[in-house]
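Here is a friendly tour of aromatic rings and their neighbours. Have the model open as you read along.

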Amino acid sequence: MRKFPIANFQLPIVACCCAAGLAIGQEAPPSTSLPSETSLPSPTASTFVSTRSVPLRFVPPPMDGTISLGIWDSNDKLVRVLHRESKIDKFTVEENSLSTTWDGKNDAGEDLPAGKYRARGYLVGKLKVDDLGKVVSPPDSATDHVSVKLVMNPLVADTRAIMETGIGFDSKGSFLKTMDGLPLATISEAENLSRIAIQKNGEKAADVWQEDPSGVQHLHVSNIDKMIAFDCGFFELK
């Protein structure tokens, strides 16, 4: 059986407000004498309470679908998948926008250093996936990404008209993703995948081949062009 590329693991919109929360420190109050001969010992260290919260607000692009939202650092590295294929009800609905918050942590739950970060995401329409059955192997021309022409956002001038879109898999199945790892849309919930590849099939569709212990499955995925990019801009994490 021929081998094919293994996908690596690892999405401008409108006005968006981002503000970083500050760490708040409060010293413990001084000890107070009890109405007896004994007094409580004075504290030897202060009590420190740390909170970091970055509110993110944005106007969703005018299309039905799910939202994937990520946080990138100053080196343009994806450090947090904040929302993965989330529906509108996973956000707080405000009068003129949707909102969510970031706690200043990465995907491993670790506090990230203070500095400049950026939030951006994608609204993705529903994919249509057809199972074309088992095959011996994918074609040699199949790879780990395809070029996708995005839907233009009517609310803002968007320069990212064409985006390189990758294919990936994890324990939950296979999915389309940005080339730096933000999951965009589920293709299959197949388990125990070991390899995956993709090839463009027209402007709005692609063929996907994914391998598990039972063999190589061939899928035809339509509506891959139903994606709109949006950008929340830069902000400082204190």
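F58, F91 and F230 are joined into a cluster by ring pairs. This is a predicted model, in which local features need pLDDT of at least 70, side-chain atom pairs count only at pLDDT 80 or more, and totals for chains, interfaces and linings use all residues. Residues are numbered from 1 along each chain as its sequence is written, and side-chain values use heavy atoms, with hydrogens and water left out.

Searching the whole structure turns up four aromatic pairs; rings of Phe, Tyr and Trp (its six-membered ring) pair if their centres lie within 6.5 Å, with planes under 30 degrees apart counted as stacked, over 60 as edge-to-face and the rest as tilted. F58 and F91 have ring centres 5.6 Å apart and planes at 90 degrees, so they form an edge-to-face pair. This pair bridges distant parts of the chain, with F58 in strand β4 (residues 54-58) and F91 in the loop between β6 (78-86) and β7 (92-93), 33 residues apart. Strands are DSSP runs (E, at least two residues), numbered from the N terminus.

F58 is buried, at a relative accessible area of 0%, and F91 is buried too, at 6%; buried means under 20% (1.4 Å probe, protein chains only). The rings of F58 and F230 have centres 4.9 Å apart and planes at 15 degrees, so this pair is stacked. F230 sits in strand β18 (residues 227-237), 172 residues from F58, and both F58 and F230 are buried.

| Arginine | Ring | Distance from ring centre |
|---|---|---|
| R84 | F175 | 4.6 Å |
| R120 | W72 | 4.1 Å |

A charge sits over a ring if NZ of Lys or CZ of Arg is within 6 Å of the ring centre and within 35 degrees of the ring normal.

Definitions and conventions:
Helices (H or I, at least four residues) and strands (E, at least two) are DSSP runs, numbered from the N terminus. Buried means under 20% relative accessible area, exposed over 50%, partly exposed in between (1.4 Å probe, protein chains only).
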